[in-house]
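Please open the model in your viewer and keep a selection tool at hand. The tour below goes from stop to stop, saying what to select and what is there.

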Amino acid sequence: MPRDFIWPHLRALPYFRSMLRAVEAEFYQGSDLPSPVLDVGAGDGHFASVVLPRAVDVGADPHLPSLREARSRGCYRLLVASDGHRLPFEDSSFASAFSNSVLEHIPGVEGVLKEVGRVLRPGAPFLFTVPNHSFPSSLSISGHLRRWRLHGLARSYEDGFVRISRHHNLFDEQGWGERLEDAGLQVVRTFRYFGPRSLHAMEWGHYFGAPCLLARLIAGRWILAPYRWNLWLTDRIVRRYHDPSPRPDGTYSCYLARKR
């Protein structure tokens, strides 16, 4: 029976983040990530604690409060404070690595890719997910603005949404492929997922999810009442948009690369 990744994310995260994480969780099932494994951008550790069947050997992240939260989850053997540009490990230290929806947020991501390439052993896999170049133009509100011939407002909205999402790297397959090649990594497989319909639901969630931010600021957690009776309607809605299948109009991309 397939694992349900929606509920464990929904009870801990705002629904729009749960939608995406539940889809991405599917990509890790059956993926061969041999130890020692490195998580580039461990964050608060929630994703790894829900998705991976065993503790991750090393998680790297520059945000100390997130690292403390990740430590409390007990899903990493070692956590290090690093933005990925200078990983405190010798060459060829890891047999695999992954990075889930992190690389798009890192200015100068080329340096991080080179570090990942340096610490991976030859042939080691690197699995990562990122939004792609079609993310801005697939947004719901800018689409409506364009239909009303308000092209300037549409571009401003897209730029603003990308900015608040802290997306610095929205590359297509060629863009990531070239950067991976420069880092000594070769793309083995890539596919797009999370179509415009799902993106629209996630986009609106940034506005409807404002109460979750208030709960996080006051109580230190996104969901105050993580129970079925409180989240049953949200659960039903989110499941309508749960589609992990590859699709050409996907606004996110999954990559499997290998160290040469």
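Leaving aside its neighbours within four places in sequence, with which residues is Pro8 in contact? The answer is His46 and Val50, where contact means heavy atoms within 4.5 Å.

Before going further, note that this is a predicted model, in which local features need pLDDT of at least 70 and side-chain atom pairs count only at pLDDT 80 or more, while totals for chains, interfaces and linings use all residues. Residues are numbered from 1 along each chain as its sequence is written, and side-chain values use heavy atoms, with hydrogens and water left out.

**Helix H1**

Stay with Pro8, which is found in helix H1 (residues 6-10); helices (H or I, at least four residues) and strands (E, at least two) are DSSP runs, numbered from the N terminus. Pro8 counts as partly exposed at 23% relative accessibility, on a scale where buried means under 20% relative accessible area, exposed over 50% and partly exposed in between (1.4 Å probe, protein chains only). If you also select Tyr241, you will find it 233 residues from Pro8 in sequence and 16 Å away in space, C-alpha to C-alpha.

**Rings**

Next, display the aromatic side chains: a search of the whole structure finds 20 aromatic pairs. Rings of Phe, Tyr and Trp (its six-membered ring) pair if their centres lie within 6.5 Å, and planes under 30 degrees apart count as stacked, over 60 as edge-to-face and the rest as tilted. Tyr15 and Phe16 form an edge-to-face pair, 6.3 Å centre to centre with 85° between the planes; Tyr15 is partly exposed, with a relative accessible area of 21%, whereas Phe16 is buried, at 13%. Tyr28 and Phe98 are also an edge-to-face pair, with 5.6 Å between centres and 80° between planes. This pair links distant parts of the chain, since Tyr28 belongs to helix H2 (residues 15-28) and Phe98 to strand E4 (residues 96-100), 70 residues apart. Both Tyr28 and Phe98 are buried.

For a charge over a ring (NZ of Lys or CZ of Arg within 6 Å of the ring centre and within 35 degrees of the ring normal), select Arg179, whose charged end sits over the ring of Phe171, 3.7 Å from its centre. The charged end of Arg228 sits over the ring of Trp7, 3.9 Å from the ring centre.

**Helix H8**

Now select helix H8 (residues 173-182), in which Gly175, Trp176, Gly177 and Leu180 are buried. Their cover includes helix H5 (109-119) and the strands E5 (125-131), E6 (185-193) and E7 (252-259). At the start of H8, a side-chain oxygen of Asp172 reaches to within 3.2 Å of the backbone nitrogen of Gln174. H8 is followed by Gly184, which has a positive phi, near 80°.

**Glu115 in helix H5**

Move to Glu115, in helix H5, which counts as buried at 11% relative accessibility. Its side chain reaches the backbone nitrogen of Leu87 at 2.7 Å. A polar contact of 2.8 Å joins the side chains of Glu115 and Arg118; such a contact is a pair of N or O atoms within 3.5 Å, where within protein one must be able to donate a hydrogen and the other to accept it, and residues adjacent in sequence count only if both atoms are side-chain atoms.

**Ser138**

Finally, select Ser138, in the loop between E5 and helix H6 (140-147). Ser138 is buried, with a relative accessible area of 14%, and a polar atom of its side chain lies 2.7 Å from the backbone oxygen of Ser134.
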